[in-house]
Amino acid sequence: MHKDLESLVAADKRHVLHPQTVVGQPADPFIVDRAKGSMIWDAEGKSYIDGTCGLWQCAVGHGRPELASVAAEQMQRLEYYASFWDFSNEPAIRLAERLTELAPEGLNKVFFTSGGSEGTETALKLARLARHATGEPERTIVLARKAGYHGVSGTALAATGIDRMKAGYGPLDDGFVHLTQPSPLELGENATDQLIAELEETIERVGPERITAFVGEPVLGVSGMVPPPEGYWPRVQEVLRRHGILLILDEIVTAYGRTGHWFAAERFGVNPDMIITAKGLSSGYVPMGAVLIGDRVVEMLDGTGFWHGFTYNGHPVGAAVSLANLDIIEREGLLDRAKVQGQRLLDALAPLAELDGVREVRGCGLMVGIEFTDDIAADVVAGCREDGVIARGAATKLVLSPPLVITDDEVDTLCEVLSRHVTALAG
Ligand code: PLP
(Lines give C-alpha, C1' and ligand atoms only; values in the text may rest on other atoms or scores of the structure.)
Protein backbone atom coordinates (compact mmCIF):
# COMPACT_ATOMS: atom_id res chain seq x y z
CA MET A 1 0.00 0.00 0.00
CA HIS A 2 1.49 3.37 -0.97
CA LYS A 3 1.82 6.24 1.53
CA ASP A 4 -1.18 8.29 0.31
CA LEU A 5 -3.38 5.26 0.46
CA GLU A 6 -2.17 4.38 3.93
CA SER A 7 -3.08 7.85 5.17
CA LEU A 8 -6.49 7.68 3.46
CA VAL A 9 -7.21 4.37 5.15
CA ALA A 10 -6.15 5.79 8.51
CA ALA A 11 -8.26 8.93 8.03
CA ASP A 12 -11.30 6.87 7.05
CA LYS A 13 -10.97 4.73 10.16
CA ARG A 14 -10.46 7.77 12.36
CA HIS A 15 -13.14 10.10 10.97
CA VAL A 16 -15.81 8.34 8.93
CA LEU A 17 -18.72 6.64 10.63
CA HIS A 18 -19.95 4.18 8.00
CA PRO A 19 -23.58 3.07 7.80
CA GLN A 20 -24.26 -0.48 8.97
CA THR A 21 -21.07 -0.86 11.02
CA VAL A 22 -20.23 -1.32 14.68
CA VAL A 23 -19.13 1.95 16.32
CA GLY A 24 -15.53 1.78 17.54
CA GLN A 25 -14.68 -1.18 15.31
CA PRO A 26 -13.80 0.37 11.94
CA ALA A 27 -12.70 -2.06 9.25
CA ASP A 28 -10.02 -1.28 6.69
CA PRO A 29 -12.06 0.58 4.06
CA PHE A 30 -12.48 -0.79 0.55
CA ILE A 31 -11.78 2.45 -1.29
CA VAL A 32 -13.51 2.45 -4.65
CA ASP A 33 -11.49 4.59 -7.00
CA ARG A 34 -13.27 4.42 -10.36
CA ALA A 35 -15.89 2.46 -12.24
CA LYS A 36 -17.00 1.73 -15.79
CA GLY A 37 -19.89 -0.37 -17.03
CA SER A 38 -20.16 -3.33 -14.65
CA MET A 39 -16.61 -3.02 -13.34
CA ILE A 40 -15.13 -1.15 -10.38
CA TRP A 41 -11.49 -0.59 -9.44
CA ASP A 42 -10.07 -0.22 -5.96
CA ALA A 43 -7.43 2.32 -4.93
CA GLU A 44 -4.66 -0.17 -5.69
CA GLY A 45 -5.92 -0.71 -9.23
CA LYS A 46 -7.47 -4.14 -8.75
CA SER A 47 -10.63 -4.70 -10.81
CA TYR A 48 -13.90 -6.33 -9.70
CA ILE A 49 -17.11 -7.34 -11.43
CA ASP A 50 -19.78 -5.31 -9.72
CA GLY A 51 -22.34 -7.93 -8.77
CA THR A 52 -24.41 -5.56 -6.64
CA CYS A 53 -23.82 -2.11 -8.16
CA GLY A 54 -23.30 -0.64 -4.73
CA LEU A 55 -26.80 -0.65 -3.31
CA TRP A 56 -28.63 -1.93 -6.43
CA GLN A 57 -29.11 1.49 -7.93
CA CYS A 58 -27.03 1.49 -11.10
CA ALA A 59 -29.29 0.42 -13.97
CA VAL A 60 -27.25 1.86 -16.85
CA GLY A 61 -23.77 0.95 -15.61
CA HIS A 62 -21.00 3.12 -14.25
CA GLY A 63 -19.08 5.95 -15.86
CA ARG A 64 -21.49 7.18 -18.55
CA PRO A 65 -20.03 10.37 -20.08
CA GLU A 66 -23.52 11.31 -21.33
CA LEU A 67 -24.84 11.60 -17.77
CA ALA A 68 -21.78 13.56 -16.65
CA SER A 69 -22.33 16.05 -19.50
CA VAL A 70 -26.02 16.45 -18.72
CA ALA A 71 -25.17 17.14 -15.06
CA ALA A 72 -22.46 19.66 -15.98
CA GLU A 73 -24.70 21.50 -18.44
CA GLN A 74 -27.58 21.65 -15.98
CA MET A 75 -25.29 22.88 -13.17
CA GLN A 76 -24.08 25.70 -15.38
CA ARG A 77 -27.62 26.71 -16.29
CA LEU A 78 -29.36 26.21 -12.92
CA GLU A 79 -27.65 24.15 -10.25
CA TYR A 80 -30.53 24.31 -7.77
CA TYR A 81 -33.58 26.20 -6.85
CA ALA A 82 -36.39 25.37 -4.44
CA SER A 83 -39.47 23.51 -5.65
CA PHE A 84 -41.53 24.60 -2.65
CA TRP A 85 -44.68 26.68 -3.17
CA ASP A 86 -44.96 27.88 -6.76
CA PHE A 87 -41.28 27.52 -7.70
CA SER A 88 -40.51 24.95 -10.36
CA ASN A 89 -37.93 24.11 -13.01
CA GLU A 90 -38.05 22.58 -16.46
CA PRO A 91 -36.17 19.29 -15.83
CA ALA A 92 -38.40 18.48 -12.83
CA ILE A 93 -41.57 19.24 -14.81
CA ARG A 94 -40.42 17.12 -17.75
CA LEU A 95 -39.39 14.26 -15.47
CA ALA A 96 -42.74 14.26 -13.68
CA GLU A 97 -44.51 14.15 -17.04
CA ARG A 98 -42.28 11.32 -18.26
CA LEU A 99 -42.79 9.25 -15.11
CA THR A 100 -46.55 9.48 -15.36
CA GLU A 101 -46.32 8.29 -18.97
CA LEU A 102 -44.22 5.27 -17.96
CA ALA A 103 -46.21 4.46 -14.82
CA PRO A 104 -49.19 2.12 -14.56
CA GLU A 105 -52.59 3.67 -15.30
CA GLY A 106 -53.87 6.31 -12.91
CA LEU A 107 -50.61 7.45 -11.29
CA ASN A 108 -50.57 11.02 -12.49
CA LYS A 109 -48.84 13.05 -9.78
CA VAL A 110 -45.21 12.93 -8.73
CA PHE A 111 -43.54 14.04 -5.50
CA PHE A 112 -39.76 14.21 -5.72
CA THR A 113 -37.32 13.18 -2.98
CA SER A 114 -33.57 12.66 -2.62
CA GLY A 115 -33.84 8.95 -1.88
CA GLY A 116 -35.86 6.00 -0.72
CA SER A 117 -36.52 6.67 2.96
CA GLU A 118 -37.84 10.14 2.13
CA GLY A 119 -40.16 8.46 -0.35
CA THR A 120 -41.53 6.06 2.25
CA GLU A 121 -42.06 8.93 4.69
CA THR A 122 -43.91 10.84 2.00
CA ALA A 123 -46.18 8.00 0.90
CA LEU A 124 -47.11 7.08 4.47
CA LYS A 125 -47.81 10.69 5.41
CA LEU A 126 -50.03 11.02 2.33
CA ALA A 127 -51.86 7.80 3.22
CA ARG A 128 -52.67 9.10 6.69
CA LEU A 129 -53.40 12.67 5.63
CA ALA A 130 -55.82 11.40 2.99
CA ARG A 131 -57.95 9.86 5.75
CA HIS A 132 -58.01 13.12 7.69
CA ALA A 133 -59.10 14.79 4.50
CA THR A 134 -62.01 12.39 4.01
CA GLY A 135 -63.17 12.56 7.63
CA GLU A 136 -61.78 9.19 8.77
CA PRO A 137 -58.90 10.34 11.04
CA GLU A 138 -58.94 7.05 12.97
CA ARG A 139 -57.71 5.26 9.82
CA THR A 140 -54.00 5.46 10.69
CA ILE A 141 -52.79 1.85 10.82
CA VAL A 142 -50.49 0.63 8.05
CA LEU A 143 -50.08 -3.05 7.20
CA ALA A 144 -46.51 -4.04 6.35
CA ARG A 145 -44.63 -7.35 6.28
CA LYS A 146 -42.00 -9.02 8.44
CA ALA A 147 -38.61 -8.99 6.65
CA GLY A 148 -39.74 -5.96 4.61
CA TYR A 149 -37.34 -3.03 4.35
CA HIS A 150 -38.56 0.51 3.76
CA GLY A 151 -35.73 2.74 4.96
CA VAL A 152 -34.12 4.08 8.11
CA SER A 153 -35.95 7.32 8.93
CA GLY A 154 -38.64 7.31 11.66
CA THR A 155 -41.81 6.16 9.93
CA ALA A 156 -39.94 4.19 7.27
CA LEU A 157 -38.10 2.30 10.01
CA ALA A 158 -41.37 1.65 11.81
CA ALA A 159 -42.71 0.17 8.56
CA THR A 160 -39.61 -2.01 8.22
CA GLY A 161 -40.10 -5.56 9.47
CA ILE A 162 -36.51 -6.39 10.42
CA ASP A 163 -36.23 -6.25 14.24
CA ARG A 164 -32.42 -6.07 14.29
CA MET A 165 -32.54 -2.73 12.46
CA LYS A 166 -35.08 -1.24 14.86
CA ALA A 167 -33.49 -2.20 18.16
CA GLY A 168 -32.45 0.76 20.32
CA TYR A 169 -34.20 3.47 18.32
CA GLY A 170 -37.52 3.51 20.11
CA PRO A 171 -40.05 4.72 20.69
CA LEU A 172 -41.05 4.20 17.08
CA ASP A 173 -44.42 4.91 15.50
CA ASP A 174 -46.56 1.98 16.68
CA GLY A 175 -49.19 2.31 13.95
CA PHE A 176 -47.90 -0.66 11.97
CA VAL A 177 -49.00 -4.29 11.87
CA HIS A 178 -46.48 -6.67 10.33
CA LEU A 179 -47.79 -9.67 8.40
CA THR A 180 -45.90 -12.86 7.60
CA GLN A 181 -43.02 -12.60 5.13
CA PRO A 182 -44.31 -13.70 1.70
CA SER A 183 -41.69 -16.40 1.21
CA PRO A 184 -42.55 -19.48 -0.87
CA LEU A 185 -39.53 -21.26 0.64
CA GLU A 186 -40.74 -20.83 4.22
CA LEU A 187 -44.45 -21.31 3.59
CA GLY A 188 -44.53 -24.15 1.09
CA GLU A 189 -47.03 -24.95 -1.64
CA ASN A 190 -50.16 -23.02 -0.69
CA ALA A 191 -48.23 -19.94 0.42
CA THR A 192 -50.55 -17.44 -1.27
CA ASP A 193 -53.66 -18.96 0.34
CA GLN A 194 -52.01 -18.79 3.77
CA LEU A 195 -50.95 -15.19 3.29
CA ILE A 196 -54.33 -14.06 2.00
CA ALA A 197 -56.10 -15.80 4.88
CA GLU A 198 -53.81 -14.00 7.32
CA LEU A 199 -54.43 -10.68 5.57
CA GLU A 200 -58.22 -11.14 5.78
CA GLU A 201 -58.03 -12.18 9.45
CA THR A 202 -55.78 -9.25 10.31
CA ILE A 203 -58.06 -6.73 8.63
CA GLU A 204 -61.01 -8.19 10.53
CA ARG A 205 -59.14 -8.16 13.85
CA VAL A 206 -57.74 -4.61 13.52
CA GLY A 207 -60.87 -3.30 11.77
CA PRO A 208 -60.78 -1.94 8.22
CA GLU A 209 -62.06 1.38 9.56
CA ARG A 210 -58.68 1.77 11.36
CA ILE A 211 -56.42 0.78 8.44
CA THR A 212 -55.28 3.28 5.85
CA ALA A 213 -52.75 1.41 3.71
CA PHE A 214 -50.65 -1.66 2.99
CA VAL A 215 -47.00 -1.16 2.06
CA GLY A 216 -44.73 -3.82 0.56
CA GLU A 217 -41.77 -4.47 -1.71
CA PRO A 218 -42.92 -6.36 -4.84
CA VAL A 219 -39.83 -8.58 -4.43
CA LEU A 220 -38.23 -8.53 -0.96
CA GLY A 221 -34.78 -7.04 -1.48
CA VAL A 222 -32.71 -6.66 1.69
CA SER A 223 -34.23 -9.88 3.00
CA GLY A 224 -32.76 -11.92 0.19
CA MET A 225 -34.33 -11.14 -3.22
CA VAL A 226 -37.47 -13.15 -2.50
CA PRO A 227 -40.10 -13.11 -5.28
CA PRO A 228 -43.64 -13.52 -3.94
CA PRO A 229 -45.59 -16.74 -4.30
CA GLU A 230 -47.66 -17.16 -7.46
CA GLY A 231 -50.72 -14.91 -7.62
CA TYR A 232 -49.90 -13.06 -4.39
CA TRP A 233 -50.09 -9.43 -5.48
CA PRO A 234 -53.39 -9.48 -7.44
CA ARG A 235 -55.04 -11.27 -4.54
CA VAL A 236 -53.63 -8.80 -2.00
CA GLN A 237 -54.93 -5.97 -4.18
CA GLU A 238 -58.39 -7.54 -4.38
CA VAL A 239 -58.65 -7.86 -0.59
CA LEU A 240 -57.41 -4.30 0.00
CA ARG A 241 -59.82 -2.84 -2.56
CA ARG A 242 -62.73 -4.65 -0.95
CA HIS A 243 -61.86 -2.95 2.34
CA GLY A 244 -60.96 0.45 0.89
CA ILE A 245 -57.30 0.12 1.96
CA LEU A 246 -54.64 1.84 -0.16
CA LEU A 247 -51.90 -0.25 -1.80
CA ILE A 248 -48.42 1.31 -1.67
CA LEU A 249 -45.64 -0.49 -3.52
CA ASP A 250 -42.10 0.18 -2.36
CA GLU A 251 -40.35 -0.07 -5.73
CA ILE A 252 -37.19 1.66 -4.56
CA VAL A 253 -35.21 -1.31 -5.85
CA THR A 254 -37.54 -2.78 -8.44
CA ALA A 255 -38.56 0.28 -10.50
CA TYR A 256 -36.84 1.34 -13.73
CA GLY A 257 -35.93 -2.01 -15.14
CA ARG A 258 -34.56 -4.31 -12.49
CA THR A 259 -37.37 -6.85 -12.87
CA GLY A 260 -37.44 -6.43 -16.66
CA HIS A 261 -40.27 -3.86 -16.54
CA TRP A 262 -40.41 -0.15 -15.86
CA PHE A 263 -42.30 -1.05 -12.67
CA ALA A 264 -42.71 -4.39 -10.93
CA ALA A 265 -46.40 -3.45 -10.59
CA GLU A 266 -46.69 -4.39 -14.28
CA ARG A 267 -44.75 -7.59 -13.78
CA PHE A 268 -47.14 -8.70 -11.01
CA GLY A 269 -50.32 -7.29 -12.57
CA VAL A 270 -51.37 -4.71 -10.00
CA ASN A 271 -52.40 -1.05 -10.03
CA PRO A 272 -51.16 0.46 -6.78
CA ASP A 273 -52.37 3.73 -5.29
CA MET A 274 -48.78 4.91 -4.81
CA ILE A 275 -45.36 3.71 -5.96
CA ILE A 276 -42.21 4.75 -4.10
CA THR A 277 -39.09 4.89 -6.28
CA ALA A 278 -35.46 6.06 -6.10
CA LYS A 279 -32.15 4.29 -6.95
CA GLY A 280 -32.58 3.31 -10.63
CA LEU A 281 -34.35 6.61 -11.38
CA SER A 282 -30.96 8.31 -11.70
CA SER A 283 -28.90 5.09 -11.62
CA GLY A 284 -27.32 6.67 -8.53
CA TYR A 285 -25.42 9.33 -10.49
CA VAL A 286 -27.15 11.90 -8.28
CA PRO A 287 -29.42 11.30 -5.27
CA MET A 288 -32.97 11.28 -6.63
CA GLY A 289 -36.28 9.66 -5.83
CA ALA A 290 -39.93 10.03 -6.79
CA VAL A 291 -43.24 8.99 -5.27
CA LEU A 292 -45.89 8.35 -7.91
CA ILE A 293 -49.33 9.17 -6.56
CA GLY A 294 -52.60 7.76 -7.84
CA ASP A 295 -55.66 9.76 -8.82
CA ARG A 296 -57.70 8.27 -5.98
CA VAL A 297 -55.26 9.61 -3.36
CA VAL A 298 -55.13 13.00 -5.04
CA GLU A 299 -58.93 13.15 -5.08
CA MET A 300 -59.08 12.22 -1.39
CA LEU A 301 -56.63 15.02 -0.61
CA ASP A 302 -58.30 17.64 -2.76
CA GLY A 303 -58.23 20.97 -0.88
CA THR A 304 -55.95 19.70 1.92
CA GLY A 305 -52.67 21.43 2.83
CA PHE A 306 -49.66 19.12 2.34
CA TRP A 307 -47.17 20.75 4.70
CA HIS A 308 -44.26 18.54 3.77
CA GLY A 309 -41.21 18.75 1.50
CA PHE A 310 -37.44 18.14 1.48
CA THR A 311 -34.98 20.87 0.49
CA TYR A 312 -33.80 18.99 -2.59
CA ASN A 313 -37.29 18.24 -3.90
CA GLY A 314 -37.33 18.53 -7.69
CA HIS A 315 -33.56 19.07 -7.88
CA PRO A 316 -32.88 20.29 -11.43
CA VAL A 317 -29.60 18.37 -11.78
CA GLY A 318 -31.17 15.22 -10.34
CA ALA A 319 -34.12 15.57 -12.69
CA ALA A 320 -32.01 16.27 -15.79
CA VAL A 321 -29.76 13.28 -15.08
CA SER A 322 -32.78 11.07 -14.38
CA LEU A 323 -34.36 12.01 -17.71
CA ALA A 324 -31.14 11.14 -19.54
CA ASN A 325 -30.87 7.91 -17.53
CA LEU A 326 -34.41 6.90 -18.54
CA ASP A 327 -33.50 7.69 -22.17
CA ILE A 328 -30.56 5.28 -21.94
CA ILE A 329 -32.71 2.52 -20.41
CA GLU A 330 -35.18 2.92 -23.27
CA ARG A 331 -32.69 3.40 -26.10
CA GLU A 332 -30.53 0.44 -25.11
CA GLY A 333 -33.43 -1.92 -24.42
CA LEU A 334 -32.34 -2.48 -20.83
CA LEU A 335 -35.71 -3.80 -19.66
CA ASP A 336 -35.35 -6.81 -21.95
CA ARG A 337 -31.70 -7.06 -21.08
CA ALA A 338 -32.57 -7.39 -17.38
CA LYS A 339 -34.78 -10.36 -18.22
CA VAL A 340 -32.20 -12.03 -20.47
CA GLN A 341 -29.19 -11.50 -18.21
CA GLY A 342 -31.22 -12.33 -15.11
CA GLN A 343 -32.12 -15.67 -16.68
CA ARG A 344 -28.49 -16.29 -17.67
CA LEU A 345 -27.43 -15.62 -14.08
CA LEU A 346 -30.15 -17.84 -12.62
CA ASP A 347 -29.47 -20.69 -15.07
CA ALA A 348 -25.75 -20.64 -14.26
CA LEU A 349 -26.35 -20.60 -10.50
CA ALA A 350 -29.32 -23.02 -10.40
CA PRO A 351 -27.11 -26.15 -10.05
CA LEU A 352 -25.91 -24.80 -6.68
CA ALA A 353 -29.35 -25.65 -5.28
CA GLU A 354 -28.29 -29.31 -5.41
CA LEU A 355 -25.66 -28.71 -2.71
CA ASP A 356 -26.53 -29.80 0.83
CA GLY A 357 -25.76 -26.34 2.20
CA VAL A 358 -27.98 -24.44 -0.26
CA ARG A 359 -31.72 -24.13 0.42
CA GLU A 360 -32.68 -22.10 -2.63
CA VAL A 361 -31.46 -20.16 -5.66
CA ARG A 362 -34.12 -17.66 -6.74
CA GLY A 363 -34.59 -14.47 -8.67
CA CYS A 364 -36.68 -12.01 -10.62
CA GLY A 365 -35.02 -10.13 -13.49
CA LEU A 366 -31.61 -8.95 -12.33
CA MET A 367 -32.33 -9.59 -8.66
CA VAL A 368 -30.91 -12.93 -7.60
CA GLY A 369 -30.69 -14.49 -4.14
CA ILE A 370 -29.08 -17.61 -2.69
CA GLU A 371 -30.23 -18.93 0.66
CA PHE A 372 -27.87 -21.20 2.61
CA THR A 373 -28.62 -23.58 5.47
CA ASP A 374 -25.83 -22.05 7.60
CA ASP A 375 -24.38 -18.58 8.17
CA ILE A 376 -21.80 -18.75 5.40
CA ALA A 377 -22.86 -15.82 3.18
CA ALA A 378 -20.25 -13.41 4.57
CA ASP A 379 -17.48 -15.96 3.94
CA VAL A 380 -18.65 -16.56 0.39
CA VAL A 381 -18.73 -12.81 -0.22
CA ALA A 382 -15.20 -12.40 1.20
CA GLY A 383 -13.87 -15.20 -1.02
CA CYS A 384 -15.51 -13.71 -4.10
CA ARG A 385 -14.04 -10.30 -3.34
CA GLU A 386 -10.55 -11.81 -3.17
CA ASP A 387 -11.21 -13.21 -6.63
CA GLY A 388 -12.52 -9.98 -8.13
CA VAL A 389 -16.29 -10.29 -7.73
CA ILE A 390 -18.50 -8.08 -5.53
CA ALA A 391 -21.52 -9.78 -3.95
CA ARG A 392 -23.49 -8.91 -0.81
CA GLY A 393 -24.38 -11.28 1.96
CA ALA A 394 -25.06 -11.73 5.64
CA ALA A 395 -26.01 -14.77 7.73
CA THR A 396 -27.73 -17.25 5.37
CA LYS A 397 -28.52 -14.93 2.47
CA LEU A 398 -26.47 -13.76 -0.48
CA VAL A 399 -27.80 -11.30 -3.04
CA LEU A 400 -26.80 -10.13 -6.50
CA SER A 401 -28.07 -7.15 -8.51
CA PRO A 402 -25.53 -6.18 -11.17
CA PRO A 403 -26.03 -3.26 -13.56
CA LEU A 404 -28.53 -4.08 -16.33
CA VAL A 405 -25.72 -3.63 -18.87
CA ILE A 406 -23.68 -6.55 -17.53
CA THR A 407 -22.19 -8.52 -20.44
CA ASP A 408 -22.37 -12.28 -21.06
CA ASP A 409 -18.68 -12.70 -20.21
CA GLU A 410 -19.08 -10.76 -16.98
CA VAL A 411 -22.10 -12.86 -15.97
CA ASP A 412 -20.19 -16.04 -16.73
CA THR A 413 -17.11 -15.00 -14.76
CA LEU A 414 -19.23 -13.83 -11.83
CA CYS A 415 -21.06 -17.17 -11.76
CA GLU A 416 -17.88 -19.20 -12.09
CA VAL A 417 -16.23 -17.41 -9.14
CA LEU A 418 -19.35 -17.45 -6.99
CA SER A 419 -20.09 -21.12 -7.71
CA ARG A 420 -16.54 -22.07 -6.75
CA HIS A 421 -16.81 -20.37 -3.36
CA VAL A 422 -20.33 -21.61 -2.65
CA THR A 423 -19.32 -25.17 -3.54
CA ALA A 424 -16.27 -24.96 -1.25
CA LEU A 425 -18.34 -23.75 1.70
CA ALA A 426 -21.75 -25.31 1.14
CA GLY A 427 -20.90 -28.55 -0.68
N1 PLP B 1 -36.95 0.60 0.51
C2 PLP B 1 -36.25 -0.37 -0.06
C3 PLP B 1 -36.99 -1.55 -0.64
C4 PLP B 1 -34.87 -0.30 -0.14
O5 PLP B 1 -34.16 -1.31 -0.66
C6 PLP B 1 -34.22 0.84 0.37
C7 PLP B 1 -32.74 0.94 0.32
O8 PLP B 1 -32.05 -0.01 0.00
C9 PLP B 1 -34.97 1.84 0.98
C10 PLP B 1 -36.34 1.69 1.04
C11 PLP B 1 -34.32 3.05 1.59
O12 PLP B 1 -33.80 3.87 0.60
P13 PLP B 1 -32.66 4.95 0.98
O14 PLP B 1 -31.50 4.19 1.49
O15 PLP B 1 -32.40 5.65 -0.34
O16 PLP B 1 -33.24 5.87 1.98
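**Exercise 1.** Which side chain meets Glu90 in a salt bridge?

*Solution.* The model is predicted, so local features need pLDDT of at least 70 and side-chain atom pairs pLDDT 80 or more, while totals for chains, interfaces and linings use all residues. Residues are numbered from 1 along each chain as its sequence is written, and side-chain values use heavy atoms, with hydrogens and water left out.

Step 1. A salt bridge requires a side-chain nitrogen of Lys or Arg within 4 Å of a carboxyl oxygen of Asp or Glu. The partner of Glu90 is Arg94, at 2.8 Å, N to O.

Step 2. Both residues belong to helix α4, 4 residues apart, about one turn of the helix. Helices are DSSP runs of H or I with at least four residues, and strands are runs of E with at least two, numbered from the N terminus.

Step 3. Glu90 has a relative accessible area of 48% and is partly exposed; Arg94, at 44%, is partly exposed. Buried means under 20%, exposed over 50%, partly exposed in between (1.4 Å probe, protein chains only).

**Exercise 2.** State which parts the salt bridge of Asp28 and Lys13 ties together.

*Solution.* Step 1. The two side chains meet at 2.7 Å, N to O.

Step 1. Asp28 lies in the loop between α1 (3-15) and β1 (32-36) and Lys13 in helix α1, so the pair joins parts 15 residues apart in sequence.

Step 2. Asp28 is exposed at 54% relative accessible area, whereas Lys13 is partly exposed at 32%.
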